[in-house]
Amino acid sequence: MGVGITLSSVVLLDCWRDSLNMAAGKECISELDLPDSVKDFITDKWGITKLHPPQFEAMPSIFKGRNVLLAIPTASGKSLVAYIAILRKLMVEEIGTKAIYIVPLKALASEKFEDLKEISKSLNLTVGLGIGDSSSEAKKIDECDILVCTSEKLDSIIRNKPQTMSRVSIVVADEFHLMNDSTRGPTLEINLTKLRFLRKEAQLIALSATVGNCQDLANWLDADLIQSDWRPVALEYSTFHDLHLEPRLVQSSEVSNSPDVLNPPRDLDGPKTQPTWVVLKDTIMQKGQLLIFVGTRRSAESEALKLSKRVSKLLEKEDQDRLNLLKEFAESLEGRTQTAMGEKLYECIKGGIAFHHAGLTHSQRKSIESAFKKGLLIALTATPTLAAGVNLPARRVLVRDVKRWGDGMSRPLPVMEVRQMLGRAGRPKYDDYGEAWILCKGTDGWEIADDVSERYFFGEIESISSKLASEPALRTHLLSIISTGGLQHRGDIGDFFESTFLGFSISKNILNERIDEMLNWLVDERFIRRLGVDESYANKRADEKINDAEDWDDNMPVWANIAHSTIGVEFQPTGENKPNKIFNSAFGEPSFGFKKATELSHVGAWQLDDKTEFSAMKYEATLMGERITQLYLDPLSASLLRVGLRRAVRREVRKSGEVTNFGLLHLIATTPDFSSLWAKNSDMDINSNLWLKTNSVENELLADSSYDEMLLGNIKSAWLIDKWNNEESMRSIEKSLDVSPGDLHHRVDLASWLLLASKEILIADDVFSQEHMSEISEIIKKVDILRQRTRHGCKEDLLTLVNIRNIGRSRARELANLGIRTPQQVISMSRSKKNELLKLRGWGPVLIGKIISEVEKIISRTKSHSKANSPIKKRDDDIPLFDEKESDD
């Protein structure tokens, strides 16, 4: 069964290194070449006096300014390495420069922001947070010393304000292994490539879980690889089947009190039909907390509900005080009475259990995470997305489901994903060890357990592959670098993409075929245009080969000069032993990536006789293409919106059909940038409410759907936003469309953004003549009102009220029901009206006072603005007399 002492060679090597480091005494924070203020903060405020072995191993590379790929387990201290690198760069090596800290999720960005804000406040540095479009973010993003942001926000900043990157001296990419994610991965890959061009001297620190091709990734980044299985808290991996626990592997450290020897197998007591309850009860007996990972949201909810009932009965007998605290917390939860999901969560929390998934609101998720970190909640049931999100460790982790339904069949989860979940076990500073269990289901438990162990404990972790080759990613980023990246020649475009991890991983011919296919599509859509062959560029490109290093400046080709002045350029050494594609300046050929595009075979639509002419083809973005890039749209979304909006204009001009709000909502729901709902089996019935709705709005639709399931999904999505805009309650929406609050809010944000994009696309479109401007203006007005309604979830008559702080759609409707519909009516509200409001739930004297105060500010600002912009009144005594003469001076 594989029971015994099990340590990987990497762990043994790390222990050996650790012993050497301990002997040398160099692992102490006090010995690091950092300002005393930094060392004092780390030791006094955070209580960290020594570095872990992999942290210490990274220090030489960090202090030499080398790029570093740090691939170590969860909770092993990757962030501290990044913080030390940032502080040394900003306070010692390059004072006055800027650091970028990239994270994949908003929740993780907020967590890192709080860490860095704490230390920066003590060191007189400033930290900015970039996770959305808030105007309050903009100034801090420009001025801050450290910017924490998501990949998407960073991409937007580079596109629209590249000057923000001018002071960047260090870049940290957290959760770097998520470059393997099909949605977020391409943006991170493009960002890192752009930053290496924009700021070629900047240090890059990539923090990653262990993956199968760490060395390839390090080579791509020109980084030193620091890889280890060392953990600050020992972690024991076990299989659990038929109530039998079989330890299989220990990942350990010398600082842990737990031995490296596997614990003996044991059987747990309880009903075989309820294995999760048996595990939870055992966890409670050991005074620990439990994370349970399940495959679906429905499973997370049902499992939490079942467990909470059992825990509640247990606490009634043994810990009534905790039960009272849980009830108090449950009653403080936002939205607990507004939806069926909220009520279900309320019931679960009263029993010490909560479920966690994307269907919850942001506020609910944050409250649950906080209660779990404080130890109030005993267990969480969660979908795998939690493992890639915030730092939320527990003593014990149980992975209940290791399969997921996809593409019509049940598939095993990737090893990397399961390891991420299991890695949440063991809390540094709290636990001496962590327990990572996998529940093995099936009739032959022993055999299944052995297979699971072999795959997930001892099996190889999958390699990361670039997702940039997907059509949505490639067309989006290709248009972006032409519009805002300063790359217009085909040769430069090819060089840039060869420098990505995609270019590192596939052949040049395949890469260039895909680039040319997408260039042709962008030209056909009139998002870019071909300007022809640039003869000057072609001549310089043909003379790239430089024989003498001293001739670099005088003979640098035009493409390199342009690229160097706009986004940066690297030079790579010649020779056969180059491990990486991008190096620092050295003797050799100037190149963005592997080789020059002039060395490519003829591919794509432009079968030119001369390879140099192929490279010298020049492109530029059209006005529409530039606007799409600024709006951060997928070009295909823009194409679909443009087609639908042109249909809307023709309808208005010909008076052949009405342009309705539902038709516009359906149009945005058909775009790839919108997360469309799925039609369920019950929806497919010809007599279902969804089909009846579809038939009733058929003539309003501005976009086509290729098959029934897609049509129904898009109608369902538009109907969701339409119900929200018409002030239907969340409970009613949840019941009729089976949509959770978190899903609704996510789609409301997307719809608001896409309606704004629709307005801008209609403005930028130049196919209609001036005589149709009145119809176009009417549609623009309709789209803008619809966007505001979508943002606030209200009918049009409430728009003047919902923009006031502290007034949401519910309070605005209550005011409107009392005849109060404008800010002026709010400020002049009678005493009797105030008394009527005070009788309503949620209203109080303080709230009314705040609202009136806010309205007074708005009116005051409006008057000041009007006065400043009003024409200066002409004075009577400035009017010349009829017989006055002009001066000769």
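Let's start with Lys194 and what it touches. Leaving out residues up to four places away in sequence, Lys194 touches Asp155, Ile158, Arg159, Ser480, Ile481 and Phe496. Contact here means heavy atoms within 4.5 Å. This is a predicted model, where local features need pLDDT of at least 70, side-chain atom pairs count only at pLDDT 80 or more, and totals for chains, interfaces and linings use all residues. Residues are numbered from 1 along each chain as its sequence is written, and side-chain values use heavy atoms, with hydrogens and water left out.

Back to the lysine. Lys194 sits in helix α8, residues 185-198. Helices (H or I, at least four residues) and strands (E, at least two) are DSSP runs, numbered from the N terminus. Is Lys194 buried or exposed? Lys194 is buried, at a relative accessible area of 8%. Buried means under 20% relative accessible area, exposed over 50%, and partly exposed in between, with a 1.4 Å probe and protein chains only. The Lys194 side chain also makes a polar contact with the side chain of Asp155, at 3.3 Å. A polar contact is a pair of N or O atoms within 3.5 Å; within protein, one must be able to donate a hydrogen and the other to accept it, and residues adjacent in sequence count only if both atoms are side-chain atoms.

Next, the sheets. Two strands pair if DSSP finds at least two bridges between them. Ala99 has Ile170 as its bridge partner in β5.

Eight strands follow the order β10-β9-β8-β17-β14-β11-β13-β12, with mixed pairing. β10 (266-267) and β12 (353-356) stand at the edges with a single partner strand each, so one side of each has no neighbour in the sheet.

Look at β11. Strand β11 (290-293) runs parallel to β14 (396-399), with four bridges between them. β11 also pairs with β13 in the parallel sense, over four bridges. Leu290 stands opposite Ala379 in β13, and Leu291 has Val397 as its bridge partner in β14. Which way do the side chains point? Leu290 and Ile292 point one way, Leu291 and Phe293 the other, and all are buried. In a regular strand, side chains alternate between the two faces of the sheet.

On to the core. A nonpolar core is a set of buried Ala, Val, Leu, Ile, Met, Phe, Trp, Tyr and Cys residues joined through side-chain atoms within 4.5 Å. The largest one has 102 residues, and Phe176, Leu192 and Leu377 touch the most other members. Helix α11 (297-318) gives the most to this core, with six residues.

Last, cysteines. How many disulfides are there? The count is zero, taking a disulfide as a pair of cysteine sulfur atoms within 2.5 Å. The sulfur of Cys149 is 8.9 Å from the closest cysteine sulfur, in Cys144, too far for a bond.
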